[in-house]
Amino acid sequence: MERKYAFSWDLLGDIAEGRPYLGNATRIEVYRLMQFTFKDIIEQHVGWEKTNEIFYQAGKLAGQEFYQNMIDKTDDFNNFINQLQTVLKELGMGIFRVEEADMEKGELTLTVAEDLDCSGLPETGYEICTYDEGFIAALLEGFSGIPFVVKETDCWCTGDRTCRFSAKATNEGN
Amino acid sequence: MISKDARSLLDYLKALLNDVRIKPDIPTDMIDDEDFLCLDKTIKSVREAALELGKGNLSYSIEGKGYVLGSLKALQSSLRNLTWKTKAIAAGDFSQSVHFLGDFSDSFNSMTKQLAVSIQEIKEAQEHFEMVFNTIPDATIITNFEDGSLVAYNQAFIETTKFSVAELNQNPVTIIDLYLNIEERKMLLEKLKKDGYIENAEISFLGRSGEILTGLISSRLIFMKEVPHILSVIRDITELKEIEKKLQKSEELHRLLADNAADVIWTMNLDGKFSYISPSVKKLRGFSVEEVLAQSQEEVLCPGSLIHLQQGLERAIHSVQNNQPFQVFRGELEQPCKDGSTVWTEATVSGIYSEDGRFIGMLGVTRDISERKIMEEEILRLSITDKLTQSYNRLKLDETLEQQFERAKTEAIPFSIIILDIDHFKLVNDTYGHQVGDRVLIELVAALTENVRSDDIVGRWGGEEFLIILPETNLSDGLHVAEKLRDVVETYRFTTAGQVTISLGVSAYRDDLTPESIVSRADAALYQAKENGRNRVEFLE
């Protein structure tokens, strides 16, 4: 298949040069406007489940690139989490926290408060942070080298105040 | 006013929120109302979630959705995150910090920082302790108080006991195995229990091959994870003890020799005090060892000999100060005895030096030389005594004459001499024989000696001629003495020979005379006395 949109980190562009006056700052609404309009149109084309899958995969690709470009390589889990917390906070993506982590078993419970995607959204009755799920799964895989499946269990959109994600290592890569 | 149904509903909801036990039955009118059932379920979920969170059960799964339950989940999430962070900190990760939890974040982060500093300080203290522990030159160990198992040891312990690290790792050693006498350990443990420490207790312990080692152990009771342990530093004094034994033997041998020697052997410090004196001093001076050790220098030596000791001490101090060897002293000393008499001794004194060449005192040997002294005096007496008459001989007379002349010359103190000769002595010999003649000579000396001063010197000048030296006597007084002696002899009745007379010539010192000319002038005067009829005194003008 011919590809025109293969992602690379360079596609984020030179912000300083391109936006000398406006800079990096933008409004969350703009980000959400784009995400939810994407969802709308894609859902119309491929349906709800496929849309979720697309966003999960897109989040995963973002997570892979993010890990490669924003996280220093480390074998220390705590150090990895510290870096992640710091950079997510600095970029205004959310307040990332670990509730439980058992890397030997490959089981984690993670939360993101003030999430970029959903915090403050009206209740929809279903979890919508599929992009986050893929993003987190890729980050964990980047660190551990083991594929993870991440599922959102609590979401602002289901009436919770913090997004909670359950992550489990899979044997996919083995 | 509200209806009965509404009252019933309110009571139910009130009980749901406030009572410990909730009423099991939903108001009958509401049993089919879905909204009410949803509300009922949410309130019950909130009750359960609040209850479990209140108990600290963070793993409780909060069921349901909605704002209140969501907030409780957020609280649960924060608490879970804090738990995870606390575990990470407990595992030593002090990079953990908490944000977006208000004042709690600051307190928590401050506590983490302080904990990190404290742990770092403890770590540094531990590293410091380990460095000191490992580099301390004495064997240092930590043992379990109860079973004596060796918990830690340093390189010096390995070197002292000759165990290898591999051996100690493979076959753990307990300190109990290393005690030669286990009773010693029991006593040490008792003291540790009582005082909490032991300082420099001497113990015997075994090395790897069973060799017996001696050590000075200092211990402290310490607690490691609340279990009592003993930190011990053991100074290996095995070699020192061997040297000490040899020294003791050597010292005993030397003391045995010293104690049994006839000579008095002693050691003295630079302050002039005896540090040792052999018991033979009792035989020499009558004082016991204890008495002598307590005596002052003045009590040890007679005044004439004290100067030797003082000079000896000065020389010793000078030698020490100038890093010069102590010169051996040998001299005769007069020492007081307990019975009031004195004894002449000959002392030989040499320096005592430490192994590093430091002067540490004096070693002396004192020998009784009383008999030798008497012999010497007798020899001296005989050398200046006329054998027949026991008066002084010509040697003594010449010597005295010289001395008096020098004294008169330098101090202007006069002296006189008398030369006398027995009149017609040949007739005595011819008449009574030489034995009577000799007897006359002897009795004459006795008569002369009795009638002069003790300082006056009476000697035989030759044959029947005698010379008397009168110190501090001018010519006039000399003439008086001569006349007195002439009279004494004239009136004396000699054994067998009866009356015998003497002629006397007197001369006195003058600064224009020599000793010889003084004698010549007395001799000439004697000749004149003979010429003038004998039994008389003459002098030259």
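This is a predicted model: local features need pLDDT of at least 70, side-chain atom pairs count only at pLDDT 80 or more; totals for chains, interfaces and linings use all residues.
Residues are numbered from 1 along each chain as its sequence is written, and chains are lettered from A in the order in which they are written. Local features need pLDDT of at least 70 and side-chain atom pairs count only at pLDDT 80 or more, whereas totals for chains, interfaces and linings use all residues; side-chain values use heavy atoms, with hydrogens and water left out.

At the interface, 24 residues of chain A are in contact with 22 residues of chain B, contact meaning heavy atoms within 4.5 Å. The two chains bury about 1,800 Å² between them, 44% of it on carbon and sulfur atoms; buried area is the accessible area (1.4 Å probe) that two parts lose on being put together, summed over both. Arg97(A), Glu99(A) and Arg161(A) supply 30% of the area that chain A buries against chain B, more than any other three residues.

Six salt bridges are counted between chain A and chain B, each being a side-chain nitrogen of Lys or Arg within 4 Å of a carboxyl oxygen of Asp or Glu. One salt bridge is formed by the side chains of Lys65(B) and Asp154(A), at 3.3 Å from N to O. On the side of chain A that touches chain B, five residues are nonpolar, nine polar and 10 charged. In this classification, Ala, Val, Leu, Ile, Met, Phe, Trp, Tyr, Cys and Pro count as nonpolar, Asp, Glu, Lys and Arg as charged, and the others, Gly among them, as polar.

Chain B contains an open sheet of five strands in the order S7-S6-S10-S9-S8, with antiparallel pairing. Strands (E, at least two residues) and helices (H or I, at least four) are DSSP runs numbered from the N terminus, and two strands pair if DSSP finds at least two bridges between them. Strand S7 (274–277) and S8 of chain B stand at the edges with a single partner strand each, so one side of each is left without a neighbour in the sheet.

Strand S8 (residues 329–336) of chain B is joined to strand S9 (residues 342–353) of chain B by eight bridges; in S9(B), Thr348(B) is the bridge partner of Arg330(B). Five residues lie between S8(B) and S9(B) in their hairpin, and Gly340(B) in the turn has a positive phi of about 95°. Nine bridges join S9(B) to strand S10 (residues 359–368) of chain B, with Ala347(B) opposite Thr366(B). The hairpin of S9(B) and S10(B) also has five residues between the strands, and Gly357(B) takes a positive phi near 85°.
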